[in-house]
Amino acid sequence: MANIYIPYGSVEGQTARIVEYIADLVRAHGHEAETVDLKHSAAGSIPSGQDGVIVAASIHMGKHEGFVADFVRQNRAELERLPSALISVSLAAHGDEQNAEGYVEEFQEQTGWHPAHVGIFAGALLYTQYNFLKRQMMKKIVRDKGSTDLDTSRDYVYTEWDGVKRFTEDFLAGVPAASGQERA
Ligand SMILES: Cc1cc2nc3c(=O)[nH]c(=O)nc-3n(C[C@H](O)[C@H](O)[C@H](O)COP(=O)(O)O)c2cc1C
């Protein structure tokens, strides 16, 4: 059995949904998973006894949450010692992969952390949750990109859950304590 630690940042909640899905999957494989919302926790460091760490963050105005970058900088040595992964959630991941990869490269440069596993997943357009200004701004961005997802009375969720599942299972296969191998 392995302990998987999943610290994350999420502004509108889609990354939170993705990490809860991952945690459920980890548990379904017989392991322990702990998700930690870094916005609401003073979580400075990764607790001892973890066998793997998945850090997740979402993109707003071209950047991942600054508090997630701070967490990574603070815990870089531990993230490099343990099997670890980064998950980046954005709208760019839905059809503009080059931009989505650019966000990840910038995060890696900013933090100095170059994880072996990187998952780039599409998030959601949650028009019904945005305030008036945010709704208009997002609608304009989406229109400028040539998309027809402009009905602000509903939400559009682009996350491909099968891809999240595959990514999680691949990650677990590389965690010695999860795949029945000796702990490194
Ligand atoms: C105000 C705002 C700005 C955003 N800026 C970007 C951006 O620059 N690039 C991008 O790919 N997605 C952008 N997005 C889309 C978010 O990454 C997407 O909605 C994601 O699902 C948010 O994750 P969260 O709900 O966990 O915060 C933006 C969304 C909002 C609401």
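This is a predicted model: local features need pLDDT of at least 70, side-chain atom pairs count only at pLDDT 80 or more; totals for chains, interfaces and linings use all residues.
Residues are numbered from 1 along each chain as its sequence is written, and side-chain values use heavy atoms, with hydrogens and water left out.

**Overall layout**

- Along the principal axes, the C-alpha atoms fill a box of roughly 50 × 30 × 30 Å.
- The protein has 6 helices and 8 strands, taken as DSSP runs (H or I, at least four residues, for helices; E, at least two, for strands) and numbered from the N terminus.
- Their order from the N terminus is β-α-β-β-β-α-α-β-α-β-β-α-β-α.

**The two domains**

- Domain 1 covers 3-123 + 159-173 and domain 2 covers 125-157, with bounds from an automatic or database domain assignment.
- Their C-alpha centres are 25 Å apart.

**Where the domains meet**

- In domain 1, 9 residues are in contact (heavy atoms within 4.5 Å) with 9 residues of domain 2.
- About 690 Å² is buried between the domains, and carbon and sulfur atoms give 57% of that area; buried area is the accessible area (1.4 Å probe) that two parts lose on being put together, summed over both.
- On the domain 1 side, Glu-12, Met-61 and Leu-91 supply 57% of the area buried against domain 2, more than any other three residues.

**Salt bridges**

- The structure holds 9 salt bridges, each a side-chain nitrogen of Lys or Arg within 4 Å of a carboxyl oxygen of Asp or Glu.
- Between domain 1 and domain 2 there are 2 salt bridges.
- Lys-134 pairs with Glu-12 in a salt bridge, with the closest N and O atoms 2.5 Å apart.
- This pair links distant parts of the chain, 122 residues apart: Lys-134 sits in helix α5 (residues 132-144), and Glu-12 in the loop between β1 (3-8) and α1 (14-28).
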